[in-house]
Amino acid sequence: MASITPSSCSAVPSGAGSQRCPLCAANVRLRPLQADEDLRCGRCGETIVRRHRGDPSHQAWALSTTGIILCVLANVYPILTFDVAGNTQSNLIITGVTGLASQGFWPVAALVFFCSIAAPFLYFASVWYVSGSCATGRRWPRVRAVANIGEKLAPWSLVPVFMIACFVAVVKLDMLGTVYWDSGIVWIALLSICSLALGQVADAEWLERRLGELA
């Protein structure tokens with residue numbers, strides 16, 4: 001990728017030659033970009049404009065397809081096995097949700113379910129639908145509404161955070177018994193990598209322009 005140059009922040013009102021940063025609300029002066037070059041806010045480092053050399057929709061479509069498959073695998077295979085005094089239990093992602101719910105922590109259980117299971121799957125599915133529409137050059141039904149849903153779900157797809165929480169939990173549980181990693185942690189790690197990669201490839205601004213061309 002070409003060099004990423006932070007743009008100076010302007011105090012003038014946002015107009016044709018500037019754009020407001022979505023993170024810190026600073027006005028960033030726009031300038032011509034080379035292929036594969038990003039324009040970032042000089043105040044907070046947020047990406048304002050990203051110019052791709054080619055069509056990123058095919059990469060986003062491939063990564064989102066992979067993410068959907070990994071979501072299924074991460075949820076059907078156990079993450080770890082916990083052994084205390086001869087009592088062994090294999091734990092899935094949903095195990096933590098059901099455990100919290102059984103103890104009466106319904107709001108926390110709902111939040112964990114949404115952030116670790118529902119939001120990642122729906123996010124990958126929405127990106128798959130939108131990028132698929134752009135990649136095929138056909139405007140699929142309600143694609144713009146799906147794009148808006150995906151944009152809102154992106155901050156709630158916290159698979160990398162969940163993976164880190166798993167490692168922290170293992171350290172704590174190891175003080176009480178014996179903990180064995182299971183194959184599910186591999187799928188969660190791959191899902192985290194896929195999620196981070198998709199965040200770099202799925203350019204919302206480019207997809208928005210592409211959807212406008214398909215109208």
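These legends go with close-up views of a predicted model. Residues count from 1 along each chain as its sequence is written, and side-chain values rest on heavy atoms, with hydrogens and water left out. Local features need pLDDT of at least 70 and side-chain atom pairs pLDDT 80 or more, while totals for chains, interfaces and linings use all residues.

**View 1. The largest nonpolar core has 25 residues.** A core here is a set of buried Ala, Val, Leu, Ile, Met, Phe, Trp, Tyr and Cys residues joined through side-chain atoms within 4.5 Å, where buried is under 20% relative accessible area with a 1.4 Å probe, protein chains only. Ile79, Ile93, Phe124, Val127, Ile188, Leu191 and Leu198 have the most contacts inside it. Elements supplying at least two residues each include H1 (56-76), E7 (80-84) and H5 (159-173); helices (H or I, at least four residues) and strands (E, at least two) are DSSP runs numbered from the N terminus. H6 gives the largest share, six residues.

**View 2. Another core, of nine residues, lies apart from the largest one.** Look for Val143, Val146, Trp206 and Leu214 among its members.

**View 3. Helix H3 has a kink of about 45°, centred on Phe114.** That bend is the angle between axes fitted to the seven residues ending there and the seven starting there. After H3 comes Gly137, with a positive phi near 75°.

**View 4. H3 packs on H7 (residues 204-214) at an angle of about 55°.** Their axes, lines fitted to C-alpha atoms over the stretch in contact, with angles from 0 to 180 degrees between N-to-C directions, are 10 Å apart.

Definitions and conventions
Buried < 20%, exposed > 50% of the residue type's maximum accessible area, 1.4 Å probe, protein only.
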